[in-house]
Amino acid sequence: MNIYDLDTPALLVDVDILERNLRKMAAITAETGTRVRPHSKVYKCIEIVRKQLELGAMGVTCSKLSEAEVLADHGIDNLLVANEVVGQPKIQRLIDLVRRVDVMVGVDHPLAVDALNAAATDASVRLPVLVDMDIGMKRNGIAPEDAAELVRKVVASRGLEFRGLMGYEGHLVSMPPGEEKTNAVNEALDRFSFVIDELKTDGIDVPIVSAGGTGDYQIAARHPAVTELQVGTYAVMDTLYGSFTPEFELATTILCTVTSRPCRERLILDVGRKAVNTALSTSTLKDRPTVEMKYTYAEHGAMTVDEDAPDLIPGVKVELVVPYACGTIHMYEQMHIVRDGEVVDIWPVVGRGKVQ
Ligand SMILES: Cc1ncc(COP(=O)(O)O)c(C=O)c1O
């Protein structure tokens, strides 16, 4: 089926571009010896995860426990939940999951360590954990100066198995490439090295340090402390990340229909905030940079048209470049997999709605 025979809005992923992006990341990590544990929250799709594993990824990162459960249901058995798992219902689900697959979880607070340890001890399981550090983003993560103490607490917890450290330098990933960014990212990642050195004096080994993102993978992959990268967006890409990692190509678009052309300067698409996330970046039509997303309403996307464009009339289908993949793909039930303009497969977004 040709893409233009699809009804809209429809999410399209160009499989050749996707595979080129995956191979590019695999080549860098092969060169540096760092491993990839791709962050599947961006695309929530088993078929993409399987391709990453075939190319050498050593497991999968996810944000939410429910994403990890879905991955486990599809046979993915090496997982990191890169988020706090707090509260009795979730802790019980985590205990159930650790009985089925190898799943690590991030911890950044002594109370979380106590709760997880108690539940794991009661259930006679050992729960693998990474201590999550704030390496400058000021989101979650324990302060680096308190991290070694939390690690010692984990090591002393019978129900827990200390596997290493994690953190995300998300405050730096959108810096333009150059010396300033390299220095800033290395400085953030050096915080792991200080904790590793501190733990060495206690005889505590740190097998895993998981960090990095699409915006700084080149630097993180070369940092001596980092053993694995939590990169996600590089696979599918979007206009936001395209501005700072142009070496990855845009694989993902939304096929839309022009529903109205109220005047020469404006056209309306059937894609609003319920079908595209423009919170962090804006967008244009594919191959038509003069047709720009101006404003999204709940159900409508208003585009400014900086050309005559007599072809853009109601009923015409066009491709919109995805501005922010992580915030957009989860709105779709499936991806239409495209090669040379033809739909060659359909891949479900299995993690859609998995926010718990
Ligand atoms: C914990 C964590 N790790 C890694 C990433 C990197 O993902 P990406 O490669 O999509 O920037 C993110 C992105 O938000 C994240 O929250």
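Guide: Two parts of the chain are in contact when heavy atoms lie within 4.5 Å of each other. Helices (H or I, at least four residues) and strands (E, at least two) are DSSP runs, numbered from the N terminus. This is a predicted model, in which local features need pLDDT of at least 70, side-chain atom pairs count only at pLDDT 80 or more, and totals for chains, interfaces and linings use all residues. Residues are numbered from 1 along each chain as its sequence is written, and side-chain values use heavy atoms, with hydrogens and water left out.

The helix is H3, residues 65-73, of which 8 of 9 are buried (under 20% relative accessible area; exposed is over 50%, partly exposed in between, with a 1.4 Å probe and protein chains only). The buried residues are Leu65, Ser66, Glu67, Ala68, Glu69, Val70, Leu71 and Ala72. After H3 comes Gly75, with a positive phi near 90°.

Lys138, at about 60°, is one of them; its loop runs between strand E6 (127-133) and helix H6 (144-155), and Lys138 is exposed because its relative accessible area is 71%. Met237 has a positive phi of about 65° and sits in the loop between strand E9 (228-229) and helix H9 (239-242). With a relative accessible area of 0%, Met237 is buried.

Another backbone feature is the cis peptide bond between Thr8 and Pro9, with omega about -5°. Pro9 belongs to the segment before strand E1 (10-14).

Strand E15 (residues 317-321) contains Glu319, which counts as buried because its relative accessibility is 13%. Leaving aside residues up to four places away in sequence, Glu319 touches several residues, among them Ile3, Tyr4, Leu12, Ile254 and Lys286. Its side chain also makes a polar contact of 2.7 Å with that of Thr253, meaning a pair of N or O atoms within 3.5 Å; within protein, one must be able to donate a hydrogen and the other to accept it, and residues adjacent in sequence count only if both atoms are side-chain atoms.

Lastly, the ligand: one of its oxygen atoms is 2.6 Å from a polar side-chain atom of Lys41. For Arg139, such a distance is 2.9 Å, and for an N or O atom in the side chain of Tyr241 it is 2.6 Å.
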